[in-house]
Amino acid sequence: MAEWRFLRGWSEEELRSRLTAARRLRPNFADDELTMTPERGWSRHYSRATIAREAAGPPLPDGPFARAWEQVGRYNFSDPRIVRAHFDPAAPLDGRVMLVEVLILGLRYLNPVLVSRVRSVSDEAHSMRGFRYDTLEGHFERGMEWFMLSKDHQTGDVDFTVHAGWRGGQLPNWWSRIGFHLLARRYQRAWHRLAHTRLRVLVGSVGLPRLPRGSRLVHSGPPLPVFTVQQAATGEPPAPVTVEKERTPASADEARCNDDHAAQAPAKELT
């Protein structure tokens with residue numbers, strides 16, 4: 001079950017030790033994306049928002065899409081008041097093990113995850129890059145989550161999408177289970193909205209429509225498998241797909257950011 005502490009985190013040395021141990025862990029679930037359905041006890045959620053605009057056509061080498069991908073690859077879209085990630089910055093993104101630290105009301109839970117897939121696809125109309133991580137033994141949830149950037153080559157819109165399939169794991173005690181039941185959805189919605197907000201600030205976006213608040217940004221129950229590039233940025237949630245070309249992109253450079261509400265520390269990289 002997840003390791004937890006109250007009002008204090010873990011030292012650099014402790015994180016190094018736990019990160020080394022996490023590399024020997026296995027995923028704590030066996031289902032694939034196609035079987036992560038409510039009928040089988042899985043919850044699903046997603047959010048999507050335009051986080052930047054650039055010139056029409058494929059992504060520019062130093063444009064908002066490229067800059068946003070650097071931040072996504074370093075998990076800097078995550079608001080560190082809610083979720084922090086600890087990892088080795090020298091490790092390639094594909095296969096990277098991270099310790100995801102969840103903070104709530106003074107409590108801290110340390111959860112291991114593995115980046116199991118990295119995706120980069122493009123056609124004449126759209127480009128997409130993203131990665132998926134899976135929860136490992138010792139995580140207080142079970143499941144997977146995709147983090148994806150897509151660009152519409154016609155409009156220049158750059159969208160960020162988060163979508164996941166998850167179910168409860170092993171929380172360390174009874175009061176954590178009660179607190180999780182009462183607060184998890186509220187913190188989840190806040191985290192999603194702040195992720196899109198932070199990426200807008202990271203890439204220096206201006207003039208975009210305000211993000212919707214509350215439940216209008218976070219939705220439940222869309223098809224879970226990663227959708228095709230043609231459907232990445234527009235339309236209703238697409239039907240599941242089972243085949244898609246992919247390749248492994250290079251890992252991103254280090255980056256650091258503040259969100260538009262308050263200066264915050266970035267995801268912690270173990271050096």
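**Figure 1. A salt bridge between arginine 132 and aspartate 134 in the predicted model.** Arginine 132 pairs with aspartate 134 through a salt bridge whose closest N and O atoms lie 2.6 Å apart; the structure shown is a predicted model. Arginine 132 counts as buried because its relative accessibility is 10%, under the 20% limit for that class. Aspartate 134 is likewise classed as buried, because its relative accessible area is 7%.

**Figure 2. Overview of the protein chain.** The chain comprises 271 residues, of which 54% count as buried. Its secondary structure consists of three helices and 10 strands. Read from the N terminus, these elements follow the order β-α-β-α-β-β-β-β-β-β-α-β-β. Among contacts with a separation of 6 or more, 68% join residues 24 or more positions apart. The chain exposes about 12,800 Å², and carbon and sulfur atoms supply 52% of this area.

Figure 3. Arginine 5 forms a salt bridge with glutamate 14, with 3.0 Å between the closest N and O atoms. Arginine 5 is buried, because its relative accessible area is 11%. Glutamate 14 has a relative accessibility of 24% and therefore counts as partly exposed. Arginine 108 forms a salt bridge with glutamate 101, and here the closest N and O atoms are 2.7 Å apart. Both arginine 108 and glutamate 101 are buried.

**Figure 4. The largest nonpolar core and histidine 196.** The largest nonpolar core contains 39 residues, and those with the most contacts inside it are Tyr75, Phe131, Phe147 and Phe160. Helix H3, residues 174–202, gives the most to this core, with six residues. Histidine 196 is also found in helix H3. Histidine 196 has a relative accessible area of 0% and is therefore buried. Beyond four places in sequence, histidine 196 touches Ser47, Arg48, Ala49, Ile51, Phe160, Leu211 and Leu217. One of these neighbours, Phe160, is among the core residues with the most contacts.

**Figure 5. The surroundings of tryptophan 42.** Tryptophan 42 is placed in the loop between H1 and strand E2, which spans residues 43–53. Tryptophan 42 is buried, because its relative accessible area is 3%. Residues up to four places away in sequence aside, tryptophan 42 touches Phe29, Asp31, Thr35, Met36, Thr37, Arg142, Gly143, Gly165, Trp166 and Arg167. Tryptophan 42 and glycine 168 are separated by 126 residues in sequence, yet their C-alpha atoms are 8.7 Å apart in space.

Figure 6. Trp4, Phe6 and Leu7 make a nonpolar surface patch of about 340 Å². Leucine 7 sits in the loop between strand E1, residues 3–6, and helix H1, residues 12–22. Leucine 7 counts as exposed because its relative accessibility is 62%, over the 50% limit for that class.

**Figure 7. Confidence along the predicted chain.** The mean pLDDT of the protein chain is 81, and 78% of its residues reach 70 or more. Over residues 227–266 the pLDDT stays under 50, although the model has 103 contacts beyond four places in sequence for this stretch.

Key:
Residues numbered from 1 in each chain as written. Predicted model: local features only at pLDDT ≥ 70, side-chain atom pairs only at ≥ 80, totals over all residues. Heavy atoms only, no water. Patch = residues over 30% accessible without salt bridge, like charges linked within 9 Å, V, L, I, M, F, W, Y side chains within 5 Å. Areas by Shrake-Rupley, 256 points an atom, 1.4 Å probe, with all protein chains shown as cover. Salt bridge = Lys/Arg side-chain N within 4 Å of Asp/Glu carboxyl O. Helix = DSSP H or I, 4+ residues; strand = E, 2+ residues; numbered from the N terminus. Buried < 20%, exposed > 50% of the residue type's maximum accessible area, 1.4 Å probe, protein only. Core = buried A, V, L, I, M, F, W, Y, C linked by side-chain atoms within 4.5 Å. Contact = heavy atoms within 4.5 Å. pLDDT = per-residue confidence, 0-100.
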